[in-house]
Amino acid sequence: MRDVLEDLMALWEAGRTAGLATVVGAFKSAPRLPGAAMLVAADGAVSGSVSGGCVEGAVYEAANETLAGGPVRLQRYGFTDDDAFAVGLTCGGIIDVFVEPVSHATFPELGDVAADIRAGRPVAVATVVDHPDPTWPGRHLVIRPDRAAGTLGSERADHAVIDDGRGLLAAGRNAMLTYGPDGQRLDEGMRVFVSSFAPAPRMIVFGAIDFAAALARQGAFLGYRVTVCDARPVFATRARFPDADEVVVRWPHDYLAGEVDAGRIDRRTVIAVLTHDPKFDVPVLEVALRLREIAFIGAMGSRLTHDDRLERLRERGLTAAELARLSSPIGLDLGARTPEETAVSIAAEIIARRWGGTGETLSARAGRIHNDDALD
């Protein structure tokens, strides 16, 4: 919903009804991940996409039928001999799409949800997409870390989905959850899609050098909230890092320790240490490598620098398991030379770590392009 939020809110605030189609399941080589959305207005205007073009026509028709008073629907689109060029995905993937009307009547809490998303406050929306009782699909439950609003239909179902939804919200994940018809665990009958709107994941770049400026641009492009930190005020300036969300003048290890204590580091956070100066990078890596949960820790430097850094960290008492979390030298082997090329190399490794990629060329691999674990 995030990608069509502004258009959706314009219709909602005007008192109009919109047809919202959301990808709630994606399998094999599906082109869009769960959470991707397409919006259809009553005048026929369209925004967003659920498949990059493969099934948009069929979804458009389904949304129009819903706008005309038809029921909400959960529709699967996949590749078969019969529908590959009609309503299937020619890429060979499968997507489940939930189509619903959205208005003040069907989703009165949407205004508050939009306000949370715009302000960067964590919020999740749980939507019943399948249920034996045809009156349940389309019901919403808004989940926040400390409270919830709305109902799915029963107190038992609400409690189960709130508990699981908060776990997904903390991880910043979208997912389909399955329960019994009244929210019973380890049962079937009700399916609920939880769409999490967590604040953007963080990328913290230590070292105010030209490579950091290029990496800040890459991080912003990938949707990270980027911080550049360096103890040297002459280098750590807003003018040198216009793409960073914040530029901090502070000793790296002090800054990182403070962010940890404040609870602003989580399992989605990416840390890149580019100083390749032991007085800066060894203390901050000591803090980073001892974190319980982190998405990625990488450090720049030559092989000799890396070996020296590891020895210094061992002297500080870091274990082999902790040192194994460090990616150094940072980045994939792209033959990069310039800061911009190096930033692409680093970003590529971060993406590969996030989704379980191998870093190999796709042309050299057999089988599916996408990692199934990332889609299921």
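**View 1. Lining of the second largest pocket.** Nineteen residues line the second largest pocket, and those that lie nearest its centre are Pro 122, Pro 199, Gly 263, Asp 266 and Arg 268. The structure shown, here and in the other views, is a predicted model. The space in this second largest pocket comes to about 370 Å³, and helix α4 (residues 155-171) supplies the largest share of its lining, namely three residues. By residue class, the lining of the second largest pocket divides into nine nonpolar, two polar and eight charged residues.

View 2. When the whole structure is searched, one cavity of 30 Å³ or more is found, and the largest cavity holds about 160 Å³ of space. Its lining is made up of 15 residues, with Leu 20, Thr 22, Glu 100, Val 125 and Thr 127 lying nearest the centre. Two or more lining residues are given by each of the elements β1 (18-27), β5 (94-102), β6 (123-130) and β10 (190-197). The lining of the largest cavity consists of ten nonpolar residues, four polar ones and one charged one.

**View 3. A nonpolar patch on the surface.** Leu 33, Phe 221, Leu 222, Ile 351 and Trp 355 together form a nonpolar surface patch, whose accessible area is about 470 Å².

Definitions and conventions:
Residues numbered from 1 in each chain as written. Predicted model: local features only at pLDDT ≥ 70, side-chain atom pairs only at ≥ 80, totals over all residues. Heavy atoms only, no water. Patch = residues over 30% accessible without salt bridge, like charges linked within 9 Å, V, L, I, M, F, W, Y side chains within 5 Å. Areas by Shrake-Rupley, 256 points an atom, 1.4 Å probe, with all protein chains shown as cover. Salt bridge = Lys/Arg side-chain N within 4 Å of Asp/Glu carboxyl O. 1 Å grid on protein atoms, 1.4 Å probe; cavity = no way out; pocket = protein on both sides within 12 Å on 5 of 7 lines; lining within 4 Å. Points joined across faces, edges and corners; volume = space filled by probe spheres on them. Helix = DSSP H or I, 4+ residues; strand = E, 2+ residues; numbered from the N terminus. Nonpolar A, V, L, I, M, F, W, Y, C, P; charged D, E, K, R; others polar.
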